[in-house]
Amino acid sequence: MSIWHKVWRDVASNKIRTLLVVLSVGVGVFALGLVFGLSSIMRARMTEAQLAVMPSHITFWLSPFDQDVVTTIRKEPGVLDAEGSGLMTVRWKKQGEDTWRNGTLVMRRSFISQHMNLITLVSGEWPRDRTVGVEKLTAQYYGIPPGTAVILSYGRRELAMPVVGSLHDSSALPPEFGGDAQFYCTPDTRAWLTGNDRFDQLHVRIPAFSTARAAEVATSIQKRLEDMNIVVNGHLVTDPDVHPLQATFDTVFLILTLLGTLSLGLSVFLIINTINAVIAQQVWQIGVMKVVGATFWRVMRIYLVGALLYGLLALALAVPLGVVAANAVSRWLLGLINIQSGPSRVVPEAIGLQVMVGLVVPLVAALAPVINGARITPHQAITSYGLGTDFGRGWLDGLLTHLRGLPRPLALSIRNAFRRKIRIFLTLVTLLLGGVLFIVVMSIGESLSGTINTLVHDLGMDVIVGLQRPYRNTIVTPIAEGVPGVARAEVWDREAGLLAVPGGQKKQIYLWGVPTDSVMMTPRLTEGRALLPGDSPAIVLNKKIATDAGIHVGQTVTITVGGRDVGWTVVGLMLNVNNDQLDNYVPFNTLSRAVGWSNQGSVVAIRLDRGANTQAVMLDLRTALSSRNIEVAFVDSANDLRLRAQSQFDVLMSLLLAMSFLAALVGSFGLAGTMSISVVERSREIGVMRAIGATSGAIVRIVATEGMLLAFLSWLVAVPLSLPAAQRFSTMVGYQLLKVPLDFHYSLSAVGMWLVIVLFLSAIASLLPAQRASRMSVREALAYE
Amino acid sequence: MMNSTADTTLIELRHVFKAYETAAGRATILKDISLRVQAGEFVSVTGPSGSGKSTLLNMITGIDQPTSGEVIVCGERVHRLNQDQLARWRGRRVGVIFQFFQLLPSLTILENVMLPMDFCSVYRGSERSKRAARLLELVGIANHANKLPGALSGGEQQRAAIARALANDPPLLVADEPTGNLDTATAREIFALFERLVAEGKTLLIVTHDRDLSARTQRIIRLVDGCIVAEQ
């Protein structure tokens with residue numbers, strides 16, 4: 001039927017308009033396909049990877065123990081299997097280099113017969129005596145593949161170790177995320193380096209996992225271990241079906257889904273605008289069709305089929321791109337978290353959603369303009385020759401008309417911008433939403449950075465030194481304070497404890513034993529007070545723990561530490577987000593007595609002199625302590641901690657910025673479409689201006705000014721809207737990622753950046769229509785239908 | 001460059017042909033048109049529909065280009081100018097008056113009249129508003145200066161269009177069916193205005209179907225099928 005030829009030719013003849021509509025729908029559909037496909041692929045791969053390594057269900061951190069303990073625990077009721085491992089911090093450097101770095105040395109009894117937390121051999125050989133294996137990402141990041149050698153240092157001992165194999169350990173934190181270099185060795189190798197081949201981690205699997213059952217078994221194992229005089233520093237129950245980072249990524253995907261839906265919403269506005277413009281340009285055609293017999297419903301069908309055709313074209317573009325993008329981004333993200341991505345996947349549910357949205361959205365968006373167009377009468381359609389009188393009605397037109405004293409071309413740009421009010425409103429909405437999103441995302445980034453700074457500030461120290469075991473503060477403090485650049489050193493301690501909560505349960509928490517006269521402990525108190533000299537069994541409790549357990553200032557709580565139940569008086573509540581909000585402060589002396597080490601601690605908190613070279617002081621501290629036979633486990637700076645924490649959120653920020661870029665793109669398409677439509681509708685006006693002396697440059701300036709004016713207006717509206725939006729989003733992201741609201745920072749720099757970006761995008765979006773306008777033949781522009 | 005043998009010749013067409021390629025083949029609209037119009041003449045171009053009247057006007061205003069031949073207007077070989085040169089030249093040398101007025105709807109009447117001055121910078125910025133107001137007074141609609149075109153009648157809009165055409169004081173005015181959209185009485189008023197402008201020294205070339213009005217011009221050029229068949 002000839003009428004379907006018309007539909008196809010309408011779509012095919014105006015390629016730029018069709019491209020704009022298809023891109024408008026396509027961006028939103030692509031975004032949905034990307035997000036749903038990505039989350040589906042990631043979830044599936046993360047779960048597969050998790051199951052493949054046979055993760056332990058319970059992990060204990062213990063005082064050094066040997067294989068006999070493992071054998072004993074294997075026989076405990078409720079235990080399916082048990083395995084020991086050793087984890088220690090070493091220093092390392094590449095052969096021929098001077099720079100020492102922190103590294104982790106993982107010891108397994110046997111790599112060939114592993115029981116759980118499986119590590120796989122990627123290339124080379126399993127580590128054997130006096131050799132090491134290296135984690136695959138470490139090898140890539142630092143350039144230490146099998147066949148090279150590294151120098152490992154522990155205490156005062158430095159040994160060259162050949163790297164014989166590259167291993168894949170999915171539990172290793174990638175270096176890009178701030179993880180230390182990871183090496184693997186046998187017990188003999190570790191004994192050669194450190195003189196100690198005992199385990200310090202116990203891994204347990206139970207027959208049928210449930211969180212409640214694992215907790216029960218963990219409690220009974222802990223009691224058994226304590227009966228064996230093994231100190232339990234803490235334990236963790238892990239769901240074997242859930243990757244440890246699943247919750248983090250779920251948060252990311254939730255945010256991306258919201259943004260993808262928003263992009264789709266913006267697309268709807270663009271389609272409404274464009275279909276309105278198509279109808280406006282075809283007014284006379286509609287009139288003619290009605291004269292020759294078309295009914296209202298026939299006209300409706302024609303233009304709705306046209307809208308459907310746009311949707312199909314958008315799907316043809318968006319679906320394959322969505323599949324490719326979802327696989328590419330998942331490959332990148334999985335690589336970041338050390339999971340093999342496997343072959344590319346197609347997610348049927350994501351495609352189904354895209355198809356539904358890609359077909360339904362254009363139809364729904366086109367409905368109102370098509371109905372209005374179908375109502376046009378033949379008389380309305382064929383009585384239009386002049387330049388129209390579509391300006392001058394309403395208070396806004398009146399206000400703009402009263403703007404006197406402007407150069408006429410500028411007055412034209414300003415008033416033309418508001419001639420089609422609904423279209424302009426929709427265009428402004430898409431632009432301003434892009435702006436709001438950009439400012440919100442940047443504010444979240446600044447809030448995350450600010451919160452990380454607060455986390456680091458909550459540590460209270462510039463450098464933290466971890467010791468291999470507790471040492472007397474009277475010995476360690478003078479050594480540390482004798483190092484140039486150290487303003488103050490305090491010996492602290494850190495122990496795991498079990499807090500008795502209502503209901504007879506016990507909750508694992510961590511106690512920082514801090515000198516009551518500490519200058520570095522600066523808790524963010526929400527109630528009560530900090531520790532004071534003379535405090536004995538007092539505790540400044542984490543606010544989250546207090547809220548969850550219904551504990552108040554003044555109450556006495558029972559905490560099991562060092563195998564004994566100790567009563568502690570809650571003197572204050574503090575906000576502290578470190579360590580999943582499980583950290584609490586108690587007096588150093590009281591804690592050390594409770595665990596049986598009088599005035600001994602395994603952490604040295606360092607405050608540096610202003611202007612001190614942090615790296616040099618860290619090196620000197622290690623040297624000074626090691627030279628006095630104090631075994632140093634690690635030395636870390638607050639700045640390094642900040643950078644590591646920041647790098648973990650960089651991935652999220654990259655994804656958020658990408659989505660805000662998509663929204664900005666949609667807004668730009670909207671503006672380009674609006675300007676194109678505007679130019680086409682005003683062809684005759686442009687012809688008249690050319691006839692009375694306007695050069696190409698003048699036409700371009702008028703059109704481009706109109707576009708940039710709209711962009712500026714959108715910025716003006718976006719800025720006040722972005723503040724409450726940024727606050728809400730920051731709170732949501734904070735709770736999802738860190739379980740606390742972020743320290744909110746509104747990004748003023750983003751406000752300025754968005755103004756520049758949106759003006760730039762609007763200049764580009766207006767340029768093509770402006771150039772087309774300037775190239776219009778005067779004769780064609782003035783030709784009457 | 002002006003022909004030295006016609007010092008007061010304002011418009012000269014020499015063997016102008018205009019043809020278009022269409023889907024149905026080549027269509028020749030103007031066939032070997034040669035004519036001269038002297039400065040100060042009031043000339044009407046008449047002929048049946050499709051005879052090429054508007055095309056002839058487009059040649060003279062530079063809105064369209066000849067397929068062959070020469071078009072010399074106000075001393076300028078119009079057919080050799082590019083689009084921007086044509087726009088500038090037109091703004092200063094030719095005032096165009098359209099059948100449907102073609103006033104920009106988002107500018108007031110005063111601003112419409114000032115617009116060509118803004119494009120061509122013939123007058124200083126401080127002079128433009130005053131000149132526009134004088135022109136509106138000349139055409140008798142000074143009291144509508146701050147209104148939008150939509151608020152005026154057809155005759156008032158055409159007067160405004162005439163004022164706009166006079167904005168940069170061009171020597172030549174060209175009008176395509178200027179009274180085609182007006183009632184008889186208003187058409188007569190507009191024509192009287194044209195006569196006044198010619199008396200003041202303007203050269204005016206109009207296309208019209210109206211025989212009574214064309215009879216009031218000094219010279220009638222009759223076009224049929226793209227050829228000049230009569231001049232009187």
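Me: Which hand does the crossing of α14(A) and α22(A) have?
Reply: In this predicted model, the crossing of α14(A) and α22(A) is right-handed.

Me: And at what angle do those two pack, and how far apart are the axes?
Reply: Helix α14, residues 421-459 of chain A, packs on helix α22, residues 748-774 of chain A, at an angle of about 145 degrees, and their axes lie 9 Å apart.

Me: Which residues make that contact?
Reply: From α14(A) come Leu431(A), Gly435(A), Phe438(A), Ile439(A), Met442(A) and Ser443(A), while α22(A) brings Ala750(A), Val751(A), Trp754(A) and Val758(A).

Me: How do they divide into nonpolar, polar and charged?
Reply: The contact of α14(A) with α22(A) has 8 nonpolar residues and 2 polar ones, with no charged residue taking part.

Me: Switching topic, what are the domains of chain A?
Reply: Chain A is divided into domain 1 (1-49 + 251-384), domain 2 (58-237), domain 3 (388-457 + 641-785) and domain 4 (458-640). Taken over C-alpha atoms, the centres of domain 2 and domain 3 of chain A are separated by 54 Å.

Me: Now chain B, how many of its residues are in contact with chain A?
Reply: There are 31 residues of chain B in contact with 30 residues of chain A.

Me: Which helix of chain B gives the most to that side?
Reply: That is α3(B), with 7 residues, although α1 (53-61), α2 (83-93) and α3 (109-120) of chain B each supply at least two residues.

Me: What is the residue make-up of the side of chain B that touches chain A?
Reply: The residues on that side of chain B divide into 16 nonpolar, 8 polar and 7 charged.

Technical notes: Residues are numbered from 1 along each chain as its sequence is written. Chains are lettered from A and ligands numbered from 1 in the order in which they are written. This is a predicted model: local features need pLDDT of at least 70, side-chain atom pairs count only at pLDDT 80 or more; totals for chains, interfaces and linings use all residues. Domain bounds come from an automatic or database domain assignment. Axes are lines fitted to C-alpha atoms, for helices over the stretch in contact, and angles run from 0 to 180 degrees between N-to-C directions. Helices (H or I, at least four residues) and strands (E, at least two) are DSSP runs, numbered from the N terminus. A crossing is left-handed if the near helix is turned anticlockwise from the far one by less than a right angle, and right-handed if clockwise. Two residues are in contact if their C-beta atoms, placed from the backbone, lie within 7 Å. Ala, Val, Leu, Ile, Met, Phe, Trp, Tyr, Cys and Pro count as nonpolar, Asp, Glu, Lys and Arg as charged, and the others, Gly among them, as polar.
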